[in-house]
Amino acid sequence: MRKLFNETGKPICIKQNHLARHIYLNFLNDGQIATYIADKYFFPELGARSLAKAVNTQICHKLTAAFLEQRDEITDEMNDKPFDRYDVRLQEVKGGFKEIIIKLDGVQKIQTRPVENSSMVLDN
């Protein structure tokens, strides 16, 4: 999750297809999220790869969908504006099940620094 947090804080770069960036992720209950992912998605035969895949599907894909849902157009100039702040939380849903929910929750002003040659997708 830390890798995803770091990746999303990097600048948007249209040329390199790095779109779902310039985002501040606010993990509201990160310990519960990590435990949920480990309990539900860890497979000993796959090791840490199973956890990386779970972070991709349970957080990264949902974040990308939420980010794109808020945008008509994505430009490099968005890097000059405050970060969009997305809350990431583990929430109980119907039937007592839990689900990771990602929701836009305003903007966050933070200092950025340029980083080259990286992508948002985690290694599997």
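Which pattern does the protein chain follow when it is read along the sequence? The answer is α-β-α-α-β-β. That comes from three helices and three strands in the protein chain. Helices (H or I, at least four residues) and strands (E, at least two) are DSSP runs, numbered from the N terminus.

A quick word on ground rules. This is a predicted model, where local features need pLDDT of at least 70, side-chain atom pairs count only at pLDDT 80 or more, and totals for chains, interfaces and linings use all residues. Residues are numbered from 1 along each chain as its sequence is written, and side-chain values use heavy atoms, with hydrogens and water left out.

## The chain as a whole

Of the 124 residues in the protein chain, 35% are buried. Here buried means under 20% relative accessible area, exposed means over 50%, and partly exposed is in between (1.4 Å probe, protein chains only). The protein chain exposes about 7900 Å², and carbon and sulfur atoms supply 49% of that. These areas come from the Shrake-Rupley method with a 1.4 Å probe; for residues, only the protein chains shown count as cover.

What about contacts, meaning heavy atoms within 4.5 Å? Take those in the protein chain with a separation of 6 or more: residues 24 or more positions apart account for 62% of them.

## Strands S1 and S2

Let's look at S1 and its partner. S1 and S2 run parallel, and five bridges join them. (Two strands pair if DSSP finds at least two bridges between them.) Across this pairing, Tyr24 stands opposite Arg85 in S2, and Leu25 stands opposite Tyr86 in S2.

As for strand S2 (residues 83-92), seven of its 10 residues are buried, so S2 is largely enclosed by the rest of the structure.

Arg89 is found in strand S2 and is partly exposed, with a relative accessible area of 32%. Leaving out residues up to four places away in sequence, Arg89 touches Leu28, Asn29, Ile33, Glu99, Ile100 and Ile101. Arg89 and Ile102 are 13 residues apart in sequence, and their C-alpha atoms are 6.6 Å apart in space.

## Aromatic pairs

How many aromatic pairs does a search of the whole structure find? It finds two. Rings of Phe, Tyr and Trp (its six-membered ring) pair if their centres lie within 6.5 Å; planes under 30 degrees apart count as stacked, over 60 as edge-to-face and the rest as tilted.

Phe5 counts as partly exposed at 27% relative accessibility, and Tyr24 counts as partly exposed at 22%.

In the other pair, the ring centres of Tyr36 and Tyr41 are 6.3 Å apart with the planes at 75°, so this pair is edge-to-face too. Both Tyr36 and Tyr41 are buried.

Helix H2 (residues 30-41) has 12 residues and reaches 16 Å from its first C-alpha to its last, close to the 16 Å expected at 1.5 Å a residue. The expected span is 1.5 Å times one less than the number of residues. Which residues of H2 are buried? They are Ile33, Tyr36, Ile37 and Tyr41. These four cover an arc of only 95° around the axis, which puts them on the same side of H2. The arc is that of the directions from the helix axis to the C-beta atoms. An α-helix has 3.6 residues a turn, so residues three or four places apart point the same way.

Over in helix H3 (residues 48-69) lies Ala65, which is partly exposed with a relative accessible area of 46%. Its C-alpha atom is separated by 9.0 Å from that of Ala20, 45 residues apart along the chain.

| Residue | Phi | Relative accessibility |
|---|---|---|
| Asn17 | near 60° | 58%, exposed |
| His22 | near 55° | 4%, buried |

Asn17 is found in the loop between H1 and S1, and His22 lies in the loop between H1 and S1 as well.

Conventions
Contact means heavy atoms within 4.5 Å.
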